[in-house]
Amino acid sequence: MVLLQCTLLILGATLATAWQSPPSAWWKEGVVYQVYPASFKESRTETAIGWGDIKGIINNLDHIQSLGADIVWLSPFQNSPMKDMGYDISDYDSVNQLFGGSLEDIKTFISEVHKRGMRCIFDLVINHTSDKHKWFKESASSKTNPKRDWYFWRQPQYINGSMYPPNNWAGNNNGSAWKYDAQTGEYYLNIFNPYQPDLNWDNPDVRRAIFQNALKYWLDMGIDGFRMDAFSIFSKAPGLPDVPASDSNFHDARDLYYNNGPHEHEYLQEMNRAVLSHYDTFTVGEYGMTDNMSIVQDYVSASRREVNTIFLTNMCDIGREGYEFVGWNFTGWREAINFTQWSGSSSVGDGWNSVYLENHDLPRSISRFANDAPKFRVQSGKALSVLLTTLSGTLFVYQGQEIGMVNVPDTWTISDYRDLNSIAYYNNATQHRVSSSEALANLALLARDNARTPFNWDSSGNGFSVNKTTWTSRANLDINLADQKDDPNSVYNFWVRMLRLRKEQKDSFVYGEFEFLDWESESFLVYQKTSESNKMVVFINLSTGAAKPPVATPENADLLVHTHDDHSGAVFQPFEGRVYKL
């Protein structure tokens, strides 16, 4: 990481004088608000079931617009067994009954978004389908079915008379990446879970069907783009070889054989030629963590026509290994932020980057990177808002982040968790000498459930649903929109002001060149944003103690932003942020 830091510092110094504002675009300047349909808002009353629905989203589009967002990202709402909360789709061209079941609702949603001058993007889950999808049902029906090759089917291996999967790839479910099907006597590949069989992208019929059913269908209905789930693993290595037993670097199959696979770029470019280039779209691909800038640039380079930007998890996943917390420090976090800022920037190539700290797969950022104790919670939310709104790239805000929602209470037991990954982690950990209390502490910090509790519209919880029983428990009802909306000092109103300022100062905050002014402090982030017209300097104290920053605040500068009423002194209060315009 030290080498990476030095490399980026040299790169920054080299490019600083050559920087120029990149081409503008609606999806660069837009603020994306992610809606997780199950937990946003239920419109039903007499028939309420404790799940959010599409009409509930439509009825609250004004909240999203008033916040300052102008692009709505809708997580999966299609028919699904919901084993992975919709990321196991059984019919691409449908609406799940849990969310209202009506295509007319989706058409109304798109229309109402556009009436407000906003745009919308949908989740695109096309590495795999549900095992209940009609394509997989046909594929699994016999070895001679025309759709057999739409998924990966392989014969078992027999070693000393015992049956084993076709190769030694491990899946994301703490077991083999293969599931045996007794009916046809073969295994099928499932990188994530047995109920999510991987599609065979090497089959051109599969690609054509995906392009028509999962992309073109919705684009013709009027949506404006996609968030592409697991987009870098569509292409698998020919022959699906074993991970070598002699691999001294302990690579897994993802590293060697399917992440950034041999035809990945080819297939993404084909998708653009066949479909996306015929529409004015925005695409963001879910990637993961990397310190290889060329990998990022190959995906986001405008001239390559693959995706507009990608989600790097460098900023979000620091300090964790799966559900195990391993600790992090500010030096490492600075390196992650710096890489994320540079990797997609037009100064390096012709690409673009994204900015986020929360989504449906991540815990709440206040609990993760600041302090969710009542004493510090509000200021923590404001400090992180300063960070996110002043970084370059397309900004993503997750529902509830704008009111400072935090992780679930540490009193939750395993019976309170709903995510199958959380439950699988707990069962596996406690079977391998991890205490129940330690496993629960890890979940309370890192589990996906933390982001999936219902949006707190009011202190009663009825604002989400009138049903007393909801699909997952309500939590932290003292943090709610009703209490914050008319409070000028609330987290919500601070987000409103920061998003307005981001648009007013877009040359610096959206497009500006990023540079850390300090690399040593273990409590402050200090950086500057430079545009052709001005320079901003950002100070954020992310600690529970009052302290002077490692770099003196500038003299004769305008103070554009302050999180605390008392902001004139050299000492910063806990979780205080300021932005100066030189």
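Asn260 comes out as partly exposed, with a relative accessible area of 27% (buried means under 20%, exposed over 50% and partly exposed in between, with a 1.4 Å probe and protein chains only). This residue sits in the loop between α9 and α10 (264-274), where helices (H or I, at least four residues) and strands (E, at least two) are DSSP runs numbered from the N terminus. Asn260 is not a glycine, yet its phi is positive, near 55 degrees. Asn476 also has a positive phi without being a glycine, at about 55 degrees, and its place is the loop between α16 (436-446) and α17 (481-485).

The model is a predicted one, so local features need pLDDT of at least 70 and side-chain atom pairs count only at pLDDT 80 or more, while totals for chains, interfaces and linings use all residues. Residues are numbered from 1 along each chain as its sequence is written, and side-chain values use heavy atoms, with hydrogens and water left out.

As for the overall layout, the chain splits into domain 1 (31-129 + 204-409 + 448-494), domain 2 (135-189), domain 3 (410-446) and domain 4 (513-581), with bounds that come from an automatic or database domain assignment. Between the C-alpha centres of domain 1 and domain 2 there are 31 Å. Where these two domains meet, 15 residues of domain 1 touch 11 residues of domain 2, contact being heavy atoms within 4.5 Å. About 1200 Å² is buried between domain 1 and domain 2, and carbon and sulfur atoms give 67% of that (buried area is the accessible area, 1.4 Å probe, that two parts lose on being put together, summed over both). Val206, Leu240 and Asp242 supply 41% of the area that domain 1 buries against domain 2, more than any other three residues.

What holds for salt bridges across the interface of domain 1 and domain 2? The rule, a side-chain nitrogen of Lys or Arg within 4 Å of a carboxyl oxygen of Asp or Glu, finds 0 there.

Elsewhere, salt bridges do turn up: the structure holds 28. In one of them, the side chains of Asp70 and Lys503 meet at 2.5 Å, N to O. Asp70 is partly exposed at 21% relative accessible area, and Lys503 is partly exposed at 33%.

Arg119 and Asp280 form another salt bridge, at 3.4 Å, N to O. Arg119 lies in strand β3 (residues 119-124) and Asp280 in the loop between α10 and β10 (282-288), so the pair ties together parts 161 residues apart in sequence. Asp518 and Arg334 meet in a salt bridge too, at 3.8 Å, N to O; here both Asp518 and Arg334 are buried. There is also a network of salt bridges, which links Asp84, Asp361, Asp419, Arg448 and Arg452.

Asp84 shows up again around Tyr195. Leaving aside neighbours within four places in sequence, Tyr195 is in contact with Lys83, Asp84, Asp88, Thr129, Ser130, Asp131 and Leu420. Tyr195 is found in the loop between β8 (186-189) and α8 and is buried, with a relative accessible area of 10%. Tyr195 and Lys83 are 112 residues apart in sequence, but 7.8 Å apart in space, C-alpha to C-alpha.
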